[in-house]
Amino acid sequence: DRDIEFIQFKRELEGLYSDGTMQMDYKSCEMLAEELINYIDKKYPNRTGTVEVSEDGENGAILSFHHA
């Protein structure tokens with residue numbers, strides 16, 4: 001009973017970068033995670049979750065967001 005299908009959600013987020021909506025430029029993993037959290041919060045408000053961005057599977061950032 002998911003209201004967001006996770007495979008479609010993954011494709012949606014990946015598409016933000018492939019269609020040029022968002023740019024990776026020289027952003028750190030933390031900056032990319034924050035950008036994704038802001039997108040998710042605007043499109044899917046009142047959620048709690050975690051965003052993990054990894055450059056090489058070893059180094060990256062994990063940020064959590066909680067709706068009060």
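How many helices and strands does the protein have?

## Overall build

The protein has two helices and two strands. Helices here are DSSP runs of H or I with at least four residues, and strands are runs of E with at least two, numbered from the N terminus. Read from the N terminus, the order is α-α-β-β. The C-alpha atoms fill a box of roughly 35 × 25 × 20 Å along the principal axes.

This is a predicted model: local features need pLDDT of at least 70, side-chain atom pairs need 80 or more, and totals for chains, interfaces and linings use all residues. Residues are numbered from 1 along each chain as its sequence is written, and side-chain values use heavy atoms, without hydrogens and water.

## The helix pair

Helix α1 covers residues 6–18, and helix α2 covers residues 29–43. Their axes come within 12 Å and cross at roughly 120 degrees. Axes are lines fitted to C-alpha atoms, for helices over the stretch in contact, with angles from 0 to 180 degrees between N-to-C directions.

From α1, Phe9, Glu12, Leu13, Leu16 and Tyr17 meet Leu32, Glu35, Leu36, Tyr39, Ile40 and Lys43 of α2. Contact means heavy atoms within 4.5 Å.

## Burial and contacts

Of the 68 residues, 26% count as buried, that is, under 20% relative accessible area with a 1.4 Å probe, protein chains only. The accessible surface comes to about 5,400 Å², by the Shrake-Rupley method with a 1.4 Å probe. Carbon and sulfur atoms hold 48% of that surface.

Among contacts between residues at least 6 apart in sequence, 34% join residues at least 24 apart.

Technical notes
Buried < 20%, exposed > 50% of the residue type's maximum accessible area, 1.4 Å probe, protein only.
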